[in-house]
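I opened a new notebook page for this chain.

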Amino acid sequence: MTERIGVIGAGILGLAVARELAARGATVTVLDKEDRVAAHQTGHNSGVVHAGIYYAPGSLKARLCRTGVALLREYCAEHHIPYEEVGKLVIASTGAERAGLRRIAERARENGVPGIAELDALGLREVEPHAVGVGAVHSPHTAIADFPAVARRLAEDVREAGGSVLLGHPVRAMRETASGVRVHAGDGRFDFDRLVACAGLGSDRVAAMAGHAGDVRIIPFRGEYYKLTGGAKDLVRGLVYPVPDPRYPFLGVHLTRRIDGEVLVGPNAVLALAREGYTWRDVSVRDLREILLWPGMRRLAARHWRTGVTEVYGSLVKGAFLKAARRYVPTLTSYDLVRTSGGVRAQAVARDGGLVDDFVVDVHGRVVLVRNAPSPGATSSLAIARHIMSFIRA
């Protein structure tokens, strides 16, 4: 008998899971509250296909990122979706950052990232002529892609395999029954043999509906961007990144060439005032209450409030963004930067205030919960989908 499987979430990960399930013979129904696919994290990121240079060797992120890059590159080629290896420079701007740069190079090699090179100040300028620093790690195969286009193609794959992608269907309730999982979504009721939740910014709420709230909550962090205008776009060939602070999963303000030719400057990381708080004007009393009542958020804030103040300052003052960008491309001026749209990251925060870094997938009976799939979640989506199949078969 053909298994009926529901998937919550029509972002790139939910659709990748649905495609994989449909290809293996299941009858798949994707449920999403929005009127389009890729409405949130998938459609609001910079489009970087990460090569795997940052992640702890042996972690799910490291393994699934490397597998995911290969699968994504092949998928984009098959379906004529834009994909370009523009390369990434991680630049040390001071001598104090050299040790961090060496650690990145070591991790990248342990993770099997091809072509990694350590460059001096002159060498990095051969890659990015307008960039400066005391040294850099070059990842020549780091790429950019059109993730919303990938998501749309995945949705077509699901439909062509006989599945359904039901938009405008917010999930309102669910419960396990003797024979499966009953889900109330939109104005309908759906009975599935199994359910996979890839709900992104709503992943903890869906887990709570399923009766498995767990010990992490999603805290939304907004990433804001400027873009370069006019001839300033020509100052950056590919991707220019700082050496990241190992205490945080955020990579700091960087310069990113997009597949559409734009060059982004950002993001910062400020606490959003709503789950889908793309601007300071987006405020949800319910969301704020949940954020502030979570003990992990209070502990996180007590530990890192100074960093939080700095990020808010950067959000409000354009000069802070410019200063961060000029550390690496000093010829930039204020006139070269124009505010553009940003995104919201679903950051899982544990009760003790720790930021959950790795991918987290839990199984509870007939329900599979993707609790945490931050960057490089889009890069890794096709590989995460295959990883989830091992739970579905169990």
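Predicted model: local features only at pLDDT ≥ 70, side-chain atom pairs only at ≥ 80, totals over all residues.

Here are my entries, in the order I made them.

**Entry 1: the whole chain.** I looked up the secondary structure and got 10 helices and 21 strands. The radius of gyration came out at 21 Å, close to the 21 Å that the globule rule gives for 394 residues, so the chain is as compact as a globular protein of that length. I also boxed in the C-alpha atoms along the principal axes, and they fill roughly 65 × 45 × 40 Å.

Entry 2: Of the 394 residues, 53% count as buried. The chain exposes about 16,800 Å², and carbon and sulfur atoms supply 52% of that. For contacts between residues at least 6 apart in sequence, I found that 71% join residues at least 24 apart. I checked the charges too: 52 are positive and 41 negative, and their mean positions are 4 Å apart.

**Entry 3: helix α1.** I picked residues 12-23. At 1.5 Å a residue, these 12 residues should span 16 Å, and the end C-alpha atoms are 16 Å apart, which agrees. Is α1 enclosed or open? Since 10 of its 12 residues are buried, α1 is largely enclosed by the rest of the structure. Glu 20 is among the buried ones, along with Leu 13, Val 17 and Leu 21. Just after the helix, Gly 25 takes a positive phi of about 100°.

**Entry 4: positive phi without glycine.** Ala 38 is not a glycine, yet its phi is positive, about 60°. I found Ala 38 in the loop between β2 and β3, and it is buried, with a relative accessible area of 9%. His 80 has a positive phi as well, near 55°. This one sits in the loop between α2 and β4. Buried or exposed? His 80 is exposed, at 72% relative accessible area.

**Entry 5: cis peptide bonds.** Gly 266 and Pro 267 are joined by a cis bond with omega about 0°, and Pro 267 is in the loop between β17 and β18. The bond from Ser 375 to Pro 376 is cis too, with omega near 10°. Pro 376 lies in the loop between β21 and α10.

**Entry 6: Thr 229.** I looked this residue up in the loop between β14 and β15. Its relative accessibility is 24%, so Thr 229 counts as partly exposed. What does Thr 229 contact, leaving aside neighbours within four places in sequence? I got Tyr 335, Asp 336 and Val 338.

Note on methods: Residues numbered from 1 in each chain as written. Heavy atoms only, no water. Helix = DSSP H or I, 4+ residues; strand = E, 2+ residues; numbered from the N terminus. Rg over C-alpha atoms; globule rule 2.2 N^0.38 Å. Buried < 20%, exposed > 50% of the residue type's maximum accessible area, 1.4 Å probe, protein only. Contact = heavy atoms within 4.5 Å. Areas by Shrake-Rupley, 256 points an atom, 1.4 Å probe, with all protein chains shown as cover. Lys, Arg positive; Asp, Glu negative; His and termini not counted. Charge placed at Lys NZ, Arg CZ, Asp CG, Glu CD. Expected span 1.5 Å × (residues − 1).
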